[in-house]
Each structure stands twice: as structure tokens, then as C-alpha cells.
Amino acid sequence: MKFVSSVNVAKSSHSRSNYLILIIVIVVAGISQGLLLPVLSIFLEQKGVSPGLNGLNAAALYVGSFAMTLIAERLLGAVGFKKLIVGGLLFVMFPLILFPYFPDIKIWFILRLAVGIGDSALHYAAQLWVLLVTAPEKRGRYISLYGMSYGLGFSIGPLGIKLLGFGEAVPFWVLFVCMGAVLLLVLMKLPDTKPEKTEHGQLPERRFRRSWSWAWYALIPALLYGYMEAGMNSNFPVYGLRIGFDANQISSLLPFVGIGGLFLQLPLGMLSDRFGRKRVLMSAGIAGGVMFMLVPVAGTHFWWTLVLLTIAGGLVGSFFSLGLAYAADILPKALLPAANVVASFHFTIGSILGPNVGGQMINWISPGSMFTLLGCMYLLFGAAGVLFRNKPIPQSVVK
């Protein structure tokens, strides 16, 4: 079975109001992730849970995300865009209010699985909807705004830590109420549509293989972004402490990776509309890789490190969204759902590899080696763009 873009989806979703609702959904999803990660880590640290077990418990979210990735395409075909977004919101909302009332690490593992499933479901449906209905000449701009929205929410989320002073459950209830309002907005305003199915389908494995074969260069950025995001969040504090930064300096520096992404996502998206997605990805990858490799050279100089992290994060912070936009340029709409699954799979693998590989580099080589490897990965990606050529796609798939 394969998907083609639905005429009804296109007609109903070109309106700005529908796009705005999708953006609001993604902002709230970002807030939930930005809140859960630090708050739950604080709770576990206060309970005396070891950092290793703390990290393992946090990995449950990625396990849930990976599980949803395996069935997301078929589930979307069965229930449609709106119902999948609604289901995703519900899977995130209800575990939220259970966390403070069931402070057991085993229960939290299950709750985080559910949150990962819900987050992956609503992301898959929302980003695919945006890709299917956006005109190619504006795709970079709109998908970059989508990425900025999640980054904005993720940056706002940690502010919920301040609500802990009013009670451990308060941040969770505030977020639950906000998500409930968004859920009502989705139920009342978004059209209930789903992709049309073609009569002559093909096996899922063939769709995934074809989408990767034809658009591998556009799908690798999701892996690099997942590796960078998870690796920086997990390993930079260790790197900072080992070279001589204190905890306050580390907590001040780390957000600037995301702040750089917020500033440059839209400009890079607009540049990709004008000069081509591949050219921008190659340039940003090479420049970002150089910036990451210069971080160890800055040593304990706070302001140089801040500038380098901001520029590096800004250049590669749009990799996931720009990669998806480039895949939409290359592939027929029939293969976009499969390509989205592959991108989500890549992101999950990168998120798992980042903390582990970076941590081993710090332990066995040197603290700065995590940045050397990260920079080399982006440099290799940029250089690999020379090898990538768009292959002609058979008309049987295009139609």
C-alpha cells in the first residue's frame, strides 16, 4: 500500500488557520519535552538514583518513539491526520499528570514510553501534513518555521522548573491544561482528512528502500541532528566539568546551541528556497562542522565557547527540517510518508548513539574528542553532497 496526497487534504490545509494550529501543536509538544527531561532528572537525582540509571530511564522516551515509527505510516493511512494528532496529544497528556503521583522509576519508564509514542505520532502527522500541502518554492520557509516552533517550545519548557516551588505536581497540571486547550482546538478546527490509497500498492520494505535509495542525502541530516542534540545535552556537562567550567557556566552555555537554531532556521530555510536545499545543507554542514571542531580550542574561555556553540547550533539546528524539505523536493508524494518514517528512524538512532559514543570518546580519548568527532561527521556529510545525484524516478511511482 502506498500513499498519494489527498486532494481534500490539499484544499482544506492551504488555509493559514490550519497551518497555525499545527504550529501551536508543535510548540506545546516542544514544551512538554523541554519540561519533562530536566524535571524528571531532578526528581531522580533527589531520590539518589545513579546518573546511569537516570539516563537509562530517560531513554524510554526514545524507545517509545522508535516503536511508533515502525507503525506510523500504516496507522496514518487507517485513521488520518487529525485522529493521529489527537491520539498523540492524549498519549502525552495523561502520563503527564501521573508522574508526580506515582514516583516509581519502573512506572516512570512505562509513562515515558507512552510519552515517546504520543510525541512521535503527532510529529509524524503534523510534519507530513505540512510537507504535502506546501508549495515547493515555499517549502523551506514553512518547514523551518515548523522546526523553529518546536525549538521555541523546547526552550520554554525548562521554565516550568520554577513552578516546582508551588508543588511537585503544579508544572505537570499547568502543561496538562495547556495541552487540553490545544486538543479542543484540534478537535474543533482541523479537518478530518487522510491520505488516499492507491489500488496498486507495494510492500512497506520496498517503499522504505526506494525512498532511502533516491533521497539518502536528504535523510541523513535527521541522524546527524539526533546525534548532535542528544549528545550535546548529555555529554556537554561532562565535557565542561572536566575542562574546568563550573555548573553555572555549563547551564548558561548549553541553551545557546538551541538559541542559535532559533535565529538561523528561518533564514536558512529561505536561502534553501532560493539557492537550493542541497547547496545550503552542504554549506551549513561544512561550516557547522568547523565551528564544532573549534570548541576545544576555545578551552575555558566562556564567551568564545558561547559564540562557537551559537553559530554551530544555528548552522546545523535546521538539519532535520531542511532534510525533510529536500526529501519532499526529490521524492514523489507517494513516497513521502515512507521517507518521514526513515527520517524518524534515523533521528532515533542518532539520539541513542550520540550520548553513548560521545561519552566513550570523553572517557577513552579526551574531553574535546567529542567535538572533534561531531565536527568530522558534519564535514563528511558536506563533502558527501558532491557524490549525491538525483536519480530519475519511474513514472509508475510518481503517479
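**Entry 1: a glycine in a helix**

Which residues does G313 touch, not counting residues up to four places away in sequence? I looked this up and found V257, G260 and G261, where contact means heavy atoms within 4.5 Å. Before going on I note that this is a predicted model, in which local features need pLDDT of at least 70 and side-chain atom pairs count only at pLDDT 80 or more, while totals for chains, interfaces and linings use all residues. I also note that residues are numbered from 1 along each chain as its sequence is written, and that side-chain values use heavy atoms, with hydrogens and water left out.

G313 is found in helix α13, residues 302-316; helices (H or I, at least four residues) and strands (E, at least two) are DSSP runs numbered from the N terminus. From the C-alpha of G313 to that of F256 I have 7.4 Å in space, although the two are 57 residues apart in sequence.

**Entry 2: the chain as a whole**

I counted secondary structure next, and the chain comes to 17 helices and two strands. Of its 399 residues, 53% are buried. Among the contacts with a separation of 6 or more, 88% are between residues 24 or more positions apart.

**Entry 3: two helix pairs**

For helix α7 (residues 139-156) and helix α11 (residues 255-275) I found axes that come within 7 Å and cross at roughly 170°; axes are lines fitted to C-alpha atoms, for helices over the stretch in contact, and angles run from 0 to 180 degrees between N-to-C directions. The two helices are therefore roughly antiparallel, given that angles over 145 degrees count as roughly antiparallel, under 35 as roughly parallel, 65 to 115 as roughly perpendicular and the rest as oblique. On the α7 side the contact includes R139, G140 and R141, and these and other α7 residues meet a set in α11 that includes L262, Q265 and D273. By class, this contact has six nonpolar, eight polar and three charged residues, where Ala, Val, Leu, Ile, Met, Phe, Trp, Tyr, Cys and Pro count as nonpolar, Asp, Glu, Lys and Arg as charged, and the others, Gly among them, as polar.

I then turned to helix α15 (residues 336-364) and α16, which pack with their axes 8 Å apart at an angle of about 135°, and α15 and α16 are therefore oblique to each other. Here V357, G358, M361 and I362 of α15 meet S369, M370 and L373 of α16, a contact made up of five nonpolar, two polar and no charged residues.

**Entry 4: two leucines**

L271 is found in helix α11 and is partly exposed, with a relative accessible area of 39%. Its C-alpha is separated by 8.6 Å from that of R141, 130 residues apart along the chain. Not counting residues up to four places away in sequence, L271 touches G276 and V280.

L164 sits in the loop between α7 and α8. Leaving aside neighbours within four places in sequence, I found L164 in contact with V39, F43 and P171; L164 and V39 are 125 residues apart in sequence, with 8.8 Å from C-alpha to C-alpha.

**Entry 5: aromatic rings**

How many aromatic pairs does a search of the whole structure find? The search finds 22, where rings of Phe, Tyr and Trp (its six-membered ring) pair if their centres lie within 6.5 Å, and planes under 30 degrees apart count as stacked, over 60 as edge-to-face and the rest as tilted. W173 and F176 form an edge-to-face pair, at 5.5 Å centre to centre and 75° between the planes. They are three residues apart in helix α8 (residues 170-189), so about one helical turn separates them. W173 is partly exposed at 37% relative accessibility, whereas F176 is buried at 16%.

F236 and F371 form another edge-to-face pair, with 6.3 Å between centres and 80° between planes. F236 lies in helix α9 (residues 204-243) and F371 in helix α16 (residues 369-384), so this pair ties together parts 135 residues apart in sequence. Both F236 and F371 are buried, and both belong to one aromatic cluster that also includes W216, Y217 and Y239.

Notes. Buried < 20%, exposed > 50% of the residue type's maximum accessible area, 1.4 Å probe, protein only.
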